[in-house]
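Biologist: I am new to this structure. Please show it, and then I will ask about a few of its parts.

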Amino acid sequence: MMALTEANPVAQSLGRVYAISWPTEVARMLITPHANDSAMSVSDAYALLARFGVDLPRELLPLAVVDNGSIACAALADWGPARAGDVLRLHLADVDPQFQLRLLDVDPLAYVASINEELAARGEGLRRMLDEIGPAYKDTYLRAEKRPRDFVVRPVRIACQNVIVGLAAIAQDSAFDGLSVVAWQTCEVPHVAAHEGNRALAALTLCDAFRNGGTMEIRFDRDARVLANNRQRFYPGHPERRVPASLRRFGRTVGVPLGAEDPAAITPVEARDLFLAITPMPDQLSAHVRIAITTYGISPERICFTLLSQVWREIELDYLLATTARVASILAGGASWQQRGARQSESVVCRAAVMIGMLFRRLNSTDAAGAGHGEARVVEDRNNGVTWSIDDETGVVTFSGLPRGGTVPWTHGVTCEGTLTVRPFGPPPAPGVVDAVVVPADVAAPELPAGVALLRCPERLPDIDKGIEARLLSSRISR
Amino acid sequence: MATEAACLAGVVKDDTLARLIKDIESAASRARKAEPGDRTDIARFEALMTRLEQRAAGVDPARRMPLPDPAACAEVTLVGDDPARWPGEMPASVRAAATAIVARGLVPVLVVEPLDAGATVRPSDAQSAPDPAERWDSGGVRGRQAVEARFRAQICEALSAPKPRPIAPSGINNSAVTEMLREFAGAEPGVPARRVPVEYRDGSRSANPMPLRALPLRGQLEPSDLTLRFALLSIRHTEMDAAVDGAWLRNAEISRPRPGAQTDDLVYDITRQQLDELARHGSRVRLDLYQTGLEAAVVGFYKALADHLLARPRSVAVQPMYYDGASVAGARDRSVRITVDSSPFRKGTPWTM
């Protein structure tokens, strides 16, 4: 462990964590120097880590138990990308390096205090969700096969491999033309990356707020009523009566302070920032999105909703943003059929984006269907870690991270050495620039130079166009 | 970014091509007549155009004429080799190239290649995304009253802002929308009339703004030459069919998945036509309109009525009728409640001059 001086802010924060008399529920999670009423002492934690073969760097100090598969560690000094004071989640099991030591919070005291607030309200929140709101919704809407109006208190449950990681109850509230939240709680579980429950629940909540057409304000202090078991239940807002601690903690990790202007609300400005922060975007897509916002006037909310609802997937939207100035028209539902010139241009780019998207999923997939005997087929969360980059000027896409010597899909035995450059449609821009050209199944093969492979997308042009039309319709009739 | 290139390709005319062009023209003709939101014939037109363009994409480079300004081709829809059937507003350069191709006995087809190498010219009128919405509070009222307060605030803002701001009637009870529009459609001394845009939850904006503070409306209906009772939409309340003279709009045409503004515009156009027809003979007609809750239809109807009354004052009067069956409505004035074939309705404020 590193030596800390009293003037060090991390030391001060840790000192207060150890000095405060936390409720038993929180104290039992803490890892403290002397283990008084806590989960364990720091030295016991090091012994535990040693049993799991973890050699903790000297910049990290065990702080608290997160769940039965991970512990929170405080960074005592800048360490790699972590800054002094960051609280990182150390998985004891062998996990993918990208999920190890993910940020839980930006300060030890803020972390423990937010856990304290969260746990204090958890019982009430669980009671509301599991005993009242959930069953009431089931009786009134699911059993009756009715679709609720937006002002109805609707339960949301997010689970990963049959483990619930997020519960919330939301309703559009006309009193402030925004979304009212009467329950919101998440938890960390060993098989899910840090804050994924928060991210998923926040994404769902923001998409709902966007679709309802209000101001995007999300409030946690507004009354709501639910008829459960023939009794009217009254909820005076979220049990915490402010932006929930877990959500604020998540906001801190993505650089978006929540509840800063109004402790009981995520304001429309904060909602926009949060939407952008939680929507998964590789760096290049993120840069393209910034251009779209400042040049084409497309609202960030619309772009995030498009991505999160998968109207256009990440690589597809990236391709559209990179290669056409008509992207605003496409995201609004496409040009009029009577403007064939514009429509033709949009169609070609959309087809290219769809084929590139299909190819990416095929390249990135590790679906074990058809694998050897005895190997179970697992579909969830398996990929090759393939990344893409798009050349804005040529529309050429480079896929990286492919298995070396692997067979390129949609070809007859063509192999690649880790990367693959592809251009959708037409001949390549110059010899040697691309490895392959991809065309729909029913389009005549272009003349290709030696060494350039032809990738036959399994879908025909009319099938691709049908899929595109469905996406454009979604864009036309959503906000 | 990739850039756009465009050319006209000359395709040899044979029987297959002639049939394809005929089919395209037929599909285009049907698509033009289709209801807004009905994309069956549009999809057919686009599939056939794609076949034509695919065929043109493979022609010999010698039979291609590059077009210097691809952006000018955006609105061009070129089908066939008969110049008389080409659109009149086609750019001169495209028309000249097409005419030259026809002179060689070929059929001109526009081919746009949006993925040509080069930097795309960004829009000259670059614009930033709109700011996040302003927070709003109803001041303590809740539920339906809050919705109405929000709509009222939007209308007041639209009337007072330097530039007209849109009003958004989505999700508001049809009687509230009607009464609010009626209240603000009426002229007020010293307040200038203003046309305000109407925008729906899906972000779509109607082509026809709502005239506010524009009509000298009266509170009482006067005797009319003819009184007709209409349901706003067919098939919505079938128990009422025996009591009304007809339905103003066909549900099958109106209730389709499409942007709210398109439905509004469709209802507006139908209503203007039908009101003109009713007023054609100079008689004064009263309509009792039994309303249902499709806000785009309600708003489209009353926008058309307002514009009709501006053009032909006193030709039509409308008595809105609101379904009141499920409501406890303790605060409402029950004296104006009437029953039509066992369904309870209440009268709204008449639109009459």
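Biologist: At what angle do helix H7 and helix H8 of chain B pack, and is that oblique or roughly parallel?

Modeller: In this predicted model, H7 (residues 260-278) and H8 (residues 295-311) of chain B have axes 7 Å apart and an angle of about 40°. Angles under 35 degrees count as roughly parallel, over 145 as roughly antiparallel, 65 to 115 as roughly perpendicular and the rest as oblique. H7(B) is therefore, relative to H8(B), oblique.

Biologist: Which residue classes make up the contact of H7(B) with H8(B)?

Modeller: Contact requires C-beta atoms, placed from the backbone, within 7 Å. Residues that meet include B:Val267 and B:Tyr268 in H7(B), and B:Phe301 and B:Leu305 in H8(B). By class, the contact has 9 nonpolar, 5 polar and 5 charged residues.

Biologist: Which element gives the most to the side of chain B that touches chain A?

Modeller: Chain B brings 55 residues to the contact and chain A 52 residues. Elements of chain B giving two or more residues to its side are E1 (3-12), H2 (40-57), E3 (106-116) and H4 (143-160). The most, 9 residues, comes from H2(B).

Biologist: Is A:Arg361 buried or exposed, or in between?

Modeller: A:Arg361 sits in helix H12 (residues 340-364) of chain A. A residue is buried with 20 or more other C-beta atoms within 10 Å of its own, exposed with 12 or fewer, and partly exposed in between. Because A:Arg361 has 15 C-beta neighbours inside 10 Å, it counts as partly exposed.

Biologist: How far apart in space are A:Arg361 and A:Cys187?

Modeller: In sequence, A:Arg361 and A:Cys187 are 174 residues apart. Residues are numbered from 1 along each chain as its sequence is written. The C-alpha to C-alpha separation in space is 30 Å.

Conventions: Chains lettered and ligands numbered in written order. Predicted model: local features only at pLDDT ≥ 70, side-chain atom pairs only at ≥ 80, totals over all residues. Helix = DSSP H or I, 4+ residues; strand = E, 2+ residues; numbered from the N terminus. Axes fitted to C-alpha atoms, helices over the stretch in contact; angles between N-to-C directions. Contact = placed C-beta atoms within 7 Å. Nonpolar A, V, L, I, M, F, W, Y, C, P; charged D, E, K, R; others polar.
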